[in-house]
Amino acid sequence: MLHAAVVIPVVRYDEPHLLFVRRADHLRRNPGQIGFPGGVIDPTDRDAKAAALREFEEEMGVPRERVRIVDRLEDVVTLALSVTVAPYLGVLDPPVEFAFDPSETQSIHEIPLDAVYRPGALHQGVEPVQHEGVHYTRYRTPGELLDYLRVP
């Protein structure tokens, strides 16, 4: 199983925004996917947090020193069960200027955090997962996600 790490970046505008990257279409892994900046933990990374910050800088073109990690969330096993992801909640103060490499990132999207609160924006449910003979059940509710996204 691969191990990866991501930063869930929130920009502290008067109305906070979540940042997402769209991966370049030609990439071998997850081409065109929209998600949080991050990637596989390299052997040269000190730890998962260092990997998340390195990938954040590479994919967004924003110096890693600009993002302040405020929380480490629970690991997530992808539906494909081939990657365990360590998510880190990070905040940035505006202004934020992106200088991403188009060979890696196709675009960057800013979504108002308020949009996540709109009725119907999030769905709740149960996700049964089996991995290496062990059965897991993941409960996902809008409230659970919103608790993670509150900016201190």
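This is a predicted model: local features need pLDDT of at least 70, side-chain atom pairs count only at pLDDT 80 or more; totals for chains, interfaces and linings use all residues.
I'll start with confidence. The mean pLDDT of the protein chain is 84, and 79% of its residues reach 70 or more. Helix α1, residues 48–60, has the highest confidence, with a mean of 97, while helix α3, residues 142–149, has the lowest, with a mean of 47. Over residues 142–152 pLDDT stays under 50, and for that stretch the model has 25 contacts beyond four places in sequence.

As a general point, nonpolar side chains in soluble globular proteins tend to be buried together. Here the largest nonpolar core has 18 residues, and A5, F56, M60 and L92 have the most contacts inside it. Strands β1, β2 and β7 and helix α1 each supply at least two of its residues. Helix α1 gives the most, with six. Apart from this core lies another, of nine residues, including L18, L89, L113 and V116.

Take M60 on its own. Which residues does M60 contact, leaving aside its neighbours within four places in sequence? They are P9, L19, V21, P37, F98, A99, F100 and I108.

Last, the aromatic rings. The count comes to one aromatic pair. The ring centres of F20 and F36 are 4.8 Å apart and the planes are at 20°, so this pair is stacked. F20 sits in strand β2, residues 17–23, and F36 in the loop between β3 and β4, so the pair links distant parts of the chain, 16 residues apart. Are the two buried or partly exposed? F20 counts as buried, at 19% relative accessibility, and F36 counts as partly exposed, at 29%.

Technical notes: Residues are numbered from 1 along each chain as its sequence is written. Side-chain values use heavy atoms; hydrogens and water are left out. Rings of Phe, Tyr and Trp (its six-membered ring) pair if their centres lie within 6.5 Å; planes under 30 degrees apart count as stacked, over 60 as edge-to-face and the rest as tilted. Helices (H or I, at least four residues) and strands (E, at least two) are DSSP runs, numbered from the N terminus. Buried means under 20% relative accessible area, exposed over 50%, partly exposed in between (1.4 Å probe, protein chains only). pLDDT is the predictor's confidence in each residue, from 0 to 100. Contact means heavy atoms within 4.5 Å. A nonpolar core is a set of buried Ala, Val, Leu, Ile, Met, Phe, Trp, Tyr and Cys residues joined through side-chain atoms within 4.5 Å.
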